[in-house]
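Subject: Structure handover

Hello,

Here is the structure I said I would pass on. My notes on it follow below.

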2 protein chains.
Amino acid sequence: MATLTSRAEDYSKWYNELVLKADMAENSGVRGCMVIKPYGYAIWEKMQKQLDQMFKDTGHENAYFPLFIPKSYLSKEADHVEGFAKECAVVTHYRLKNSPDGNGVIVDPDAKLEEELIVRPTSETIIWNTYKNWVKSHRDLPILVNQWANVVRWEMRTRLFLRTAEFLWQEGHTAHATQEEAVAEAEQMLRVYAEFVENFMGVPVIKGLKSPAERFAGAEETYTIEAMMQDGKALQAGTSHFLGQNFAKAFDVKYQSKEGKQEYVWATSWGASTRLIGALIMAHSDDNGLVLPPNIAPIQVVIVPIHRTDEQLEAISAVATELINNLKGRGISVKFDSRTEYKPGWKFNEYELKGVPVRIAIGPKDLENNQVEIARRDTLEKHTHSVDGLDQHIQDLLTEIQQNIYNKAKAHRDSLITEVDTYEDFKKVLSEKGGFISAHWDGTVEVEEKIKAETKATIRCIPLDAKEEEGKCVYSGNPSKKRVLFAIAY
Amino acid sequence: MATLTSRAEDYSKWYNELVLKADMAENSGVRGCMVIKPYGYAIWEKMQKQLDQMFKDTGHENAYFPLFIPKSYLSKEADHVEGFAKECAVVTHYRLKNSPDGNGVIVDPDAKLEEELIVRPTSETIIWNTYKNWVKSHRDLPILVNQWANVVRWEMRTRLFLRTAEFLWQEGHTAHATQEEAVAEAEQMLRVYAEFVENFMGVPVIKGLKSPAERFAGAEETYTIEAMMQDGKALQAGTSHFLGQNFAKAFDVKYQSKEGKQEYVWATSWGASTRLIGALIMAHSDDNGLVLPPNIAPIQVVIVPIHRTDEQLEAISAVATELINNLKGRGISVKFDSRTEYKPGWKFNEYELKGVPVRIAIGPKDLENNQVEIARRDTLEKHTHSVDGLDQHIQDLLTEIQQNIYNKAKAHRDSLITEVDTYEDFKKVLSEKGGFISAHWDGTVEVEEKIKAETKATIRCIPLDAKEEEGKCVYSGNPSKKRVLFAIAY
């Protein structure tokens with residue numbers, strides 16, 4: 001098995017190799033579109049299951065809206081179309097026909113659509129065109145709907161999971177009678193995302209608001225959770241938008257209030273995507289491969305028998321089978337890899353590469369001593385444990401690993417937040433250390449743009465818990481009341 | 001609440017009204033594309049969950065492949081492209097730009113794709129282009145992969161759930177070392193579909209083979225399960241294809257056998273779609289609305305309090321809460337509808353329309369008598385039952401309803417299978433009674449086409465359990481060894 005390029009040598013190369021070698025995903029024959037392989041998809045399924053439950057627990061239902069958006073719908077909200085028009089896949093025809101030269105098929109020019117259809121880059125417009133018919137009275141509100149779907153944004157520079165032309169995501173779209181309720185919804189879903197990313201993915205995040213320039217196209221306010229990768233670059237892990245009445249006005253969605261007045265509806269939307277898998281990989285993994293938090297690992301425990309003879313394998317299997325039943329009874333996913341065409345050492349490497357949190361090896365000597373050898377993926381440490389009480393021990397160990405992975409990522413993230421008060425320091429820290437730079441900003445788009453042009457750093461967020469303090473913008477020297485977080489981002 | 005058109009009056013209109021009024025789905029602003037509303041989608045989620053488990057139990061994993069298929073891929077398998085070219089959504093451009101006249105956006109002519117992309121109508125070609133890189137040795141086989149996805153077939157005449165331009169489905173794509181193994185896989189998945197449709201959807205099916213003319217484009221053999229709707233029309237509920245080496249040859253997918261030879265890989269594919277929801281509706285529902293089998297109903301039990309005063313509601317709620325906890329403990333989904341803005345009678349109609357299998361009404365008199373009133377949706381019968389032992393009673397009742405719905409559908413289906421031995425009888429039965437017509441056929445495409453042209457009936461399947469018997473084709477008089485099933489189909 002070829003080893004990975006190390007992170008220190010080339011972080012970007014390490015990431016690409018890891019995604020491929022751990023069988024997570026690969027590029028397809030279609031420019032910018034990826035194939036999510038079974039192991040990568042199993043992680044997405046675990047994410048989906050957890051998020052879906054959290055959405056349902058907060059009162060949401062799933063639905064499904066069309067893949068295609070008529071061009072005229074996309075155009076109805078001015079900022080929205082401005083934000084998405086430049087990266088749209090456009091369907092113009094609905095039929096192929098045999099090529100006159102007998103060579104394959106060509107697009108049938110007679111099957112041109114009257115109005116072009118856009119493959120959804122996000123679904124606000126098609127959904128608000130639908131909500132128009134769902135809402136008449138205040139009794140029809142709120143609408144709390146989520147959709148699991150594929151979307152397409154024609155990115156020119158793509159990267160597996162992090163930036164692909166097609167990606168999978170969920171998009172929540174809610175409609176409310178009042179501004180307060182819509183804002184509360186947007187904030188609630190940000191908390192749901194933060195809880196998921198921290199508790200399940202083990203990735204600490206900072207909750208904040210986007211600056212006006214970084215807002216979702218069509219939003220009044222964009223809430224974000226920002227994560228820090230090992231290389232000091234930030235990654236936006238989920239966003240929740242308060243859309244005001246922008247889409248209600250664009251699609252004329254009104255309700256009759258209790259007082260009998262016609263009012264425009266208030267909206268939110270919120271989304272998280274397969275990009276999260278990229279964040280998961282980059283936040284925790286090491287030069288040996290993936291490190292998966294137990295809460296999101298498709299296989300939490302793998303058992304590898306070490307044997308020469310069939311009799312030995314049989315004796316080991318008997319112990320393993322009981323352990324497997326006990327672990328399954330505790331809701332722990334476990335795999336027994338008794339394949340004989342691969343050696344134990346090969347398997348050890350394989351499961352290390354794939355980030356299985358706990359590996360158990362059982363050999364004839366272990367059986368004699370009524371024990372097993374346990375290796376944890378996060379620290380690569382090994383220890384032995386008696387077969388007695390082993391399932392409880394493994395369960396505790398998984399909890400400990402989950403916590404340890406989070407703690408490690410948090411310590412690293414915290415070490416990468418630097419307060420600076422001059423633009424000199426800003427640039428120095430950015431180039432030498434990276435990470436989040438906490439600095440005063442005067443609130444203008446001009447300064448934000450200049451800093452971005454000069455350093456590539458963007459405002460990742462204005463943290464929700466930023467404390468009020470008098471300060472001066474690092475760039476303009478103008479007064480500022482809060483620090484914001486800058487970083488170079490994925 | 002407006003009542004439904006009756007089935008007797010206009011079956012087609014009844015179906016359309018029911019889908020809308022039960023809040024299952026509606027047409028969108030995009031030609032031929034539907035919006036699946038939360039209640040309809042909740043049924044799809046139950047179907048997905050069950051099917052997905054059955055796929056995993058038979059060794060399959062999920063993965064995800066691109067939405068887009070380069071035109072040249074689609075063209076590689078001759079029959080396949082012939083079958084799908086005429087109903088393809090084609091992406092030709094990747095960008096919009098502001099219209100020079102300042103009026104909205106137009107397709108940017110400078111952003112024309114070098115090669116057009118087809119929105120997948122099915123994924124054999126993109127998947128086999130991927131498998132090419134996954135398979136080198138016999139050790140890489142079998143590949144047992146499923147995908148949950150949306151697909152697009154540009155149908156000209158569409159109908160909610162039954163025939164839509166975009167629909168949701170799953171498509172399994174497997175690769176095998178031998179023909180025997182691939183055939184066994186195709187047959188296994190047919191059994192999985194049959195088991196699911198019969199045991200969960202309560203719809204009896206006939207397992208069979210498609211005639212060559214009705215095979216999937218690119219298949220060597222198509223297995224199908226055929227269901228019968230209440231109006232005497234058949235509906236194909238799932239298909240499983242043995243693809244031979246057609247796609248392996250088109251995409252040059254070979255493996256090295258244990259003997260060191262290069263061999264082409266054998267393939268299957270199999271799919272079931274949101275069309276199943278149409279079948280579910282049409283198989284069981286009545287003039288009052290949906291009739292859902294408990295195994296697939298999003299809400300299995302609804303409890304409606306009947307009260308005048310708040311004190312009464314409180315007392316009823318106490319009884320209901322205990323019942324709800326007991327039912328949930330048994331894995332039964334239950335809703336307590338204590339909304340005060342709707343009257344009990346309105347709620348009764350609503351849940352009847354939505355097909356909730358069991359409705360429980362609790363009023364002050366019931367409390368006095370320590371009982372509740374139970375109405376079953378399938379028979380519309382009511383009875384009372386003591387609060388004591390109620391959860392067990394409900395569980396048994398749900399089992400009974402599931403069985404009763406299946407039995408009723410099966411009796412109806414069986415009554416609609418008619419053996420005929422002359423073409424006169426064939427036409428008479430078809431026009432007067434409908435249903436499946438079991439008749440001898442000489443095996444030629446010509447006869448199949450003539451019968452279709454003259455009667456609109458197609459060969460739904462050659463039943464797997466058809467008995468060998470000497471007979472004469474009803475059309476040509478030529479010898480035949482088996483009866484096949486004809487019907488007019490959705």
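Gln170(A) stands opposite Ala272(A) in β16(A). The strands concerned are β10 (residues 166–176) and β16 (residues 266–273) of chain A, which run antiparallel and are joined by eight bridges. Helix α5 (residues 124–134) of chain A packs on the sheet there, where it touches β9 (143–152), β10 and β16 of chain A. The direction of α5 makes about 30° with that of β10(A). Please keep in mind that this is a predicted model.

The sheet in question is open and has eleven strands, with mixed pairing. Its order in chain A is β3-β9-β10-β16-β13-β12-β11-β24-β27-β23-β22. At the edges stand β3 (61–62) and β22 (417–419) of chain A; each has a single partner strand, so one side of each is left without a neighbour in the sheet.

Chain A as a whole contains 14 helices and 27 strands. Its radius of gyration is 26 Å, close to the 23 Å that the globule rule gives for 490 residues, so chain A is as compact as a globular protein of that length. The C-alpha trace of chain A spans about 80 × 70 × 55 Å along its principal axes.

Now to where the chains meet. In chain A, 54 residues are in contact with 54 residues of chain B. On the side of chain A that touches chain B, 32 residues are nonpolar, ten are polar and twelve are charged.

Which strands make up the sheet that contains β5(A) and β5(B)? There are six, in the order β4(A)-β8(A)-β5(A)-β5(B)-β8(B)-β4(B), forming an open sheet with antiparallel pairing. The edges are taken by β4 (68–70) of chain A and β4 (68–70) of chain B; since each has a single partner strand, one side of each is left without a neighbour in the sheet. On average, neighbouring strands of this sheet are turned by 45° against each other, direction ignored.

Between the chains, β5 (residues 90–93) of chain A and β5 (residues 90–93) of chain B run antiparallel and are joined by three bridges. Val90(A) stands opposite His93(B) in β5(B). Within chain B, β5(B) also pairs with β8 (residues 112–119) in the antiparallel sense, over three bridges. There Val90(B) is opposite Ile118(B) in β8(B).

One helix pair in chain A is worth a look. The axes of α9 (residues 310–329) and α12 (residues 390–415) of chain A come within 9 Å and cross at roughly 50°. That angle makes α9(A) oblique to α12(A). The crossing is right-handed. Leu323(A), Asn326(A) and Leu327(A) in α9(A) meet Leu390(A), Asp391(A) and Ile394(A) in α12(A). By class, this contact has four nonpolar residues, one polar and one charged.

Last, some backbone details. The peptide bond from Leu141(A) to Pro142(A) is cis, with omega near -5°, and Pro142(A) is placed in the loop between α5 and β9 of chain A. In chain B, the bond from Leu141(B) to Pro142(B) is cis, with omega near -5°; Pro142(B) lies in the loop between α5 (124–134) and β9 (143–152) of chain B. Asp252(A) is not a glycine, yet has a positive phi of about 55°. Its place is the loop between α7 (246–250) and β14 (254–256) of chain A.

Regards

Technical notes. Residues numbered from 1 in each chain as written. Chains lettered and ligands numbered in written order. Predicted model: local features only at pLDDT ≥ 70, side-chain atom pairs only at ≥ 80, totals over all residues. Axes fitted to C-alpha atoms, helices over the stretch in contact; angles between N-to-C directions. Helix = DSSP H or I, 4+ residues; strand = E, 2+ residues; numbered from the N terminus. Parallel < 35°, antiparallel > 145°, perpendicular 65-115°, else oblique. Left-handed = near helix turned anticlockwise from the far one by under 90°. Contact = placed C-beta atoms within 7 Å. Nonpolar A, V, L, I, M, F, W, Y, C, P; charged D, E, K, R; others polar. Pairing = 2+ DSSP bridges. Rg over C-alpha atoms; globule rule 2.2 N^0.38 Å.
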